[in-house]
Amino acid sequence: MSIVKINVLTVPEEQRETLEQRFAARAGAVEGSDGFEWFELLRPVEGTDTYLVYTRWRSEEDFQRWMEGRAQTAHGGEGAQGDRPKPAATGATLWSFEVVQQTGPQQA
C-alpha cells in the first residue's frame with residue numbers, strides 16, 4: 001500500500017498568504033513525479049498556526065527519489081543563498097505513515 005508524508009508547518013498569521021501563494025506558484029512541481037499519488041495543502045481553521053502539507057506516494061523509495069531530485073534543484077546554483085526569499089514557516093516537522101486501510105465513496 002501507499003505511504004503518506006505530512007509536512008507540519010508552523011506559519012505565523014502574517015505569513016499565511018505568502019505560504020499559500022508560494023504553493024500556488026509551484027503548482028505542477030510534484031504531479032509528474034514517479035510514484036506521486038496525491039497532494040493537499042491544509043489551512044488551519046481555528047486555534048492553531050499549523051498548516052499540513054499532505055502528500056501520498058506509491059512507496060518510500062518514490063518519495064526519497066523525489067526528495068533527492070528536489071534537493072538537487074533547490075541547491076543547484078539557482079542564485080546565491082541571499083537571493084532566496086525568507087521562509088514563510090517558522091518551523092517544520094515531517095510525519096510519515098503507511099496506509100493500512102482505505103475506502104472511498106460507494107459507487108451507485
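Is serine 33 buried or exposed? At 19% relative accessibility, serine 33 counts as buried (buried is under 20% relative accessible area, exposed over 50%, partly exposed in between, with a 1.4 Å probe and protein chains only).

The model is predicted, so local features need pLDDT of at least 70 and side-chain atom pairs count only at pLDDT 80 or more, while totals for chains, interfaces and linings use all residues. Residues are numbered from 1 along each chain as its sequence is written, and side-chain values use heavy atoms, with hydrogens and water left out.

**View 1. Surroundings of serine 33.** Serine 33 is placed in the loop between α1 and β2 (helices are DSSP runs of H or I with at least four residues, strands are runs of E with at least two, and both are numbered from the N terminus). Not counting residues up to four places away in sequence, serine 33 touches Trp57 and Trp66 (contact means heavy atoms within 4.5 Å).

**View 2. Aromatic pair of phenylalanine 23 and phenylalanine 39.** Rings of Phe, Tyr and Trp (its six-membered ring) pair if their centres lie within 6.5 Å; planes under 30 degrees apart count as stacked, over 60 as edge-to-face and the rest as tilted. The count by this rule is five aromatic pairs. In one of them, the ring centres of phenylalanine 23 and phenylalanine 39 are 6.0 Å apart and the planes are at 25°, so the pair is stacked. Phenylalanine 23 belongs to helix α1 (residues 16-25) and phenylalanine 39 to strand β2 (residues 36-42), 16 residues apart. Phenylalanine 23 is buried at 17% relative accessibility, and phenylalanine 39 is partly exposed at 32%.

**View 3. Aromatic pair in helix α2.** Between phenylalanine 63 and tryptophan 66 the ring centres are 6.1 Å apart and the planes are at 40°, so this pair is tilted. Both residues lie in helix α2 (residues 60-74), three residues apart, about one turn of the helix. Phenylalanine 63 and tryptophan 66 are both buried. One aromatic cluster is formed by Phe36, Trp57, Phe63 and Trp66.

**View 4. Nonpolar cores.** The largest nonpolar core has seven residues, among them Leu9, Phe23 and Val53 (such a core is a set of buried Ala, Val, Leu, Ile, Met, Phe, Trp, Tyr and Cys residues joined through side-chain atoms within 4.5 Å). At least two residues of this core come from each of α1 and β3 (50-57). A second, separate core of six residues includes Ile3, Val30, Trp57 and Trp66.

View 5. The structure holds six salt bridges (a side-chain nitrogen of Lys or Arg within 4 Å of a carboxyl oxygen of Asp or Glu). One of them joins arginine 58 and aspartate 34 at 2.9 Å, N to O. Arginine 58 lies in the loop between β3 and α2 and aspartate 34 in the loop between α1 and β2, so the pair ties together parts that are 24 residues apart in sequence. Arginine 65 forms another with aspartate 62, the closest N and O atoms being 2.4 Å apart. Aspartate 62 is buried, with a relative accessible area of 2%, whereas arginine 65 is partly exposed at 47% relative accessibility. Salt bridges with shared partners join Asp34, Arg58, Asp62 and Arg65 into one network.
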